[in-house]
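Work through the exercises below with the sequence and the 3D view side by side. Each task is followed by its solution.

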Amino acid sequence: MMKRLLIPTRLILDCLRRSSMEAKTAASPPHVPVLCDTAIDYLQPVPGGTYFDMTFGAGGHTRRLLEKCPEAKVFALDRDPIAHQLARDMSESKEYKGRLIPLLGKFSDIPKIFKEHGLAKHSVDGILFDFGCSSMQFDEAVRGFSISKDGPLDMRMDGGHSGGVTAAEVLTHIEEGDLVKILRFYGEEKAAKKIARGLIDARKALLRIETTRQLADIVENIMDGGARRDKLRRPAHSATKTFQAIRIFVNNELNEINYGMVLANEILRVDGRLVTITFHSLEDTIVKRHINGNVLAGAANALPLKYSSHYAIDEPEMLESLTKKNWRQLHRHVIVPDAEEVARNTRSRSAKLRAAVKTN
């Protein structure tokens, strides 16, 4: 088995500082929070309120929340040790000391975190999720997320902090049928069978796929270098969906999002506010179905609510639990960035914001 690579936190921090210096020279920050003002406006922070930023990243949303409401307190969670270190640095500054509590972990670690910090259920006033990868993760080749930058094929959001397999290890050991499923369901890749077969053939030819450049080039060759476009009709690399699918699998992202939505209902008080920002349809579908009450056995229903039937259920309590909504959406249509924000930050183009208030 390939030796696992644990990326040194300090090494990546040094890379981030260099990137930050280069970005300042180019008058462009390394990470720009998406829909920042809109998200904080929907959260409506109040003095003395307790808030959870479930995806701290570079801290843009948290910073704006604390600027708008200096008397609030924010618990800043992130699974990425680099983001956690940035949160720690921010929490130790004079401006934010005592108002920002940095937390290292995944959404599924929240029950343990609540216990450690003596927090009670239904005690949080607002929760913010900004799903997906941060610009910092994409911009640093050493993290293994980027198609355009050559680096080790890692893709672990926590940089190996909690172990887990790398993307390279997945491609070394996975069966072809399983790879087809990953590409089809997590990447929504129509050519899943063709790409999976090509990657397995490359492996059989004793080619170890260990870098992002290797994976991108192999998929491009499998697809004959044909031009592709994403759902917004933008030019896209042939391997974009493959990278997305493997990244989601490596980090168990969709299950974490589902669990995060379940936990949001458990930790928010009645009338507490939830704000989510998603970047592709798989994320948004989970969020939307939780908000709409289309949840079965603690998970977002695989079918839209209009295709789901509960007529076969004759137990009133079970039927009520399946159809009860715990959320009231605060806007009629999903919110997207305006043209001005997209011009400033092209990575915001696919963002969708949803906001809801907990009703019971």
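**Exercise 1.** Is glutamate 266 buried, partly exposed or exposed? Then find its salt-bridge partner.

Solution. The model is predicted, so local features need pLDDT of at least 70, side-chain atom pairs count only at pLDDT 80 or more, and totals for chains, interfaces and linings use all residues. Residues are numbered from 1 along each chain as its sequence is written, and side-chain values use heavy atoms, with hydrogens and water left out.

Step 1. Buried means under 20% relative accessible area, exposed over 50%, and partly exposed in between (1.4 Å probe, protein chains only). Glutamate 266 has 28% relative accessibility, so it is partly exposed.

Step 2. A salt bridge is a side-chain nitrogen of Lys or Arg within 4 Å of a carboxyl oxygen of Asp or Glu. The partner of glutamate 266 is lysine 121, with the closest N and O atoms 2.9 Å apart.

Step 3. Glutamate 266 lies in helix H12 (residues 253-267) and lysine 121 in the loop between H5 and S4, so the pair ties together parts 145 residues apart in sequence. Helices (H or I, at least four residues) and strands (E, at least two) are DSSP runs, numbered from the N terminus.

**Exercise 2.** Classify the accessibility of aspartate 154 and of arginine 156.

Solution. Step 1. The two side chains meet in a salt bridge of 2.9 Å, N to O.

Step 2. Aspartate 154 is buried at 2% relative accessibility, and arginine 156 is buried at 4%.

**Exercise 3.** Are glutamate 340 and arginine 344 buried or exposed?

Solution. Step 1. A salt bridge joins them, with the closest N and O atoms 3.5 Å apart.

Step 2. Both glutamate 340 and arginine 344 are exposed.
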